[in-house]
Amino acid sequence: MAAPGENLKIDGDRLWASLMEMAKIGPGVAGGNNRQTLTDADAEGRALFQRWCEEAGLTMGVDAMGTMFARREGADPDALPVYVGSHLDTQPTGGKYDGVLGVLGGLEIIRSLDDMGIRTKHPIVVTNWTNEEGTRFAPAMMASGVFAGQHELDWAYAREDAEGKRFGDELERIGWKGDEEVGARQMHAFFELHIEQGPILEAEGKEIGVVTHGQGLWWLEVRLTGKESHTGSTPMAMRVNAGLGMARITEAVHRIAMDHQPDAVGAVGQANVYPNSRNVIPGRAVFTVDIRSPERAKLDAMRGEVEAEAQRIADELGLGIEIEPVGHFDPVTFDGTCVAAVRAAADRLGYSHRDIVSGAGHDACWINRVAPTAMVMCPCKDGLSHNEAEEITQDWATKGADVLFHAVLETAGIVE
């Protein structure tokens with residue numbers, strides 16, 4: 001199909017205004033957003049997105065996981081749609097751009113096509129995936145995971161938040177439980193625009209990240225059992241300290257990740273000791289190890305080393321230990337044709353770019369299992385994300401959306 005001309009660009013001012021308008025919904029306490037999934041704020045954000053889609057002449061479909069699909073018809077009624085999008089839900093202390101840029105960037109593509117009077121062969125569908133963040137209801141990327149056949153619908157509905165509220169009940173409560181079967185849609189391709197959530201693009205002065213791979217991940221929940229006792233009156237040699245075991249395993253995770261450089265990361269992110277009292281030696285520790293790599297062999301080797309080292313440390317300290325995998329996805333290799341379309345778009349527009357591996361999980365990582373998929377990334381200041389101080393520039397947002405525009409348009413086909 002013919003490539004779009006280099007003069008075709010989105011309206012950056014309009015995109016930025018939309019981002020700022022959406023950010024008014026579910027404001028955070030420090031300038032960002034708290035629009036967690038299936039809250040009243042999420043419902044309000046969805047309603048605004050729906051209104052904008054209807055104003056752009058799109059028809060809205062909603063599946064049983066609450067995912068929103070806004071469709072612009074193509075010239076060929078039999079052609080499979082090109083999908084584009086991300087998510088509108090945020091972390092409890094999230095930024096204004098993580099996920100939102102990908103949804104509203106997709107909407108801006110539609111608006112720009114309408115402005116220019118351009119028709120495409122394939123329909124284009126702008127998507128808002130439910131519960132990408134996974135903060136209120138674990139796991140992350142849940143709706144796209146159900147769509148791609150990785151999770152069962154009933155299992156997703158039964159997930160509970162910290163207050164014991166069920167996902168299915170909350171989806172119904174906010175009025176966004178659709179009738180459409182999850183995963184029934186077929187896709188010609190899927191593209192997702194996202195901020196990098198890391199420091200590489202800004203540090204190297206690159207405007208665009210062409211995402212070739214996504215890191216695989218293991219989350220390992222470690223439970224250590226020791227003996228609670230008084231911190232002042234228990235001799236050092238007689239302690240069975242679960243907190244000490246957690247500290248040593250945390251250091252081991254860091255060392256193992258460093259031993260597997262490049263392209264490997266690891267840390268303990270969630271950690272709790274019990275009874276969590278100032279003058280009681282912890283008798284129990286529960287924490288999650290997060291290890292990632294785009295190379296399957298390296299990822300699995302790291303898991304094996306972490307589990308072996310954790311067992312050794314527990315044995316040395318006289319601790320009981322249980323290790324349970326609580327999250328996993330394999331490394332992702334994005335579709336070569338879709339990735340080439342992103343790279344060609346950046347070249348055509350004259351934007352500096354580099355290939356990059358996504359360090360975070362995204363809906364595109366699951367959708368890649370059922371449709372040709374690629375991602376576009378733009379820089380974020382200091383690589384900061386999942387933080388209310390998350391920031392990008394209007395220029396970065398515009399250029400990322402321009403590349404998305406060209407890649408989608410090339411894939412969907414311009415009707416002369």
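Buried, in this talk, means under 20% relative accessible area. Keep that cut-off in mind. The model on the screen is a predicted one.

Is Tyr97 buried or exposed? Its relative accessible area is 1%, so Tyr97 is buried. Trp16 comes out at 18%, and therefore Trp16 counts as buried too.

A search of the whole structure turns up 8 aromatic pairs. Trp16 and Tyr97 form one of them, and the pair is stacked. The centres are 5.6 Å apart, with 25° between the planes.

Where do the two partners sit? Trp16 is in helix 1, residues 12–22. Tyr97 is in the loop between strand 3 (82–86) and helix 3 (100–116). The two parts are 81 residues apart in sequence, so the pair ties them together.

Next pair. Trp129 lies in the loop between strand 5 (124–128) and helix 4 (142–147), while Phe147 belongs to helix 4. That is 18 residues apart, and the pair links distant parts of the chain. Both Trp129 and Phe147 are buried.

Which residues do ring pairs link into a cluster? They are Phe69, Tyr83, Trp129, Phe147 and Phe190.

Rings also meet charges. Look at Trp52. The charged end of Arg111 sits over its ring, 5.4 Å from the centre. Now Trp218. Over that ring sits the charged end of Arg303, 4.1 Å from the centre.

Let's zoom out to the chain. How many helices and strands are there? The chain has 12 helices and 17 strands. Its radius of gyration is 23 Å. The globule rule gives 22 Å for 416 residues, and the two values are close, so the chain is as compact as a globular protein of that length. Along the principal axes, the C-alpha trace spans about 80 × 45 × 40 Å.

What share of the 416 residues counts as buried? The figure is 56%. Trp16 and Tyr97 are among the buried residues.

Now contacts. Take those between residues at least 6 apart in sequence. Of these, 80% join residues at least 24 apart.

Last, the surface. The chain exposes about 16,800 Å². Carbon and sulfur atoms supply 48% of that area.

Definitions and conventions: Residues numbered from 1 in each chain as written. Predicted model: local features only at pLDDT ≥ 70, side-chain atom pairs only at ≥ 80, totals over all residues. Heavy atoms only, no water. Phe/Tyr/Trp six-rings, centres within 6.5 Å; stacked < 30°, edge-to-face > 60°. Helix = DSSP H or I, 4+ residues; strand = E, 2+ residues; numbered from the N terminus. Buried < 20%, exposed > 50% of the residue type's maximum accessible area, 1.4 Å probe, protein only. Lys NZ or Arg CZ within 6 Å of the ring centre and 35° of its normal. Rg over C-alpha atoms; globule rule 2.2 N^0.38 Å. Contact = heavy atoms within 4.5 Å. Areas by Shrake-Rupley, 256 points an atom, 1.4 Å probe, with all protein chains shown as cover.
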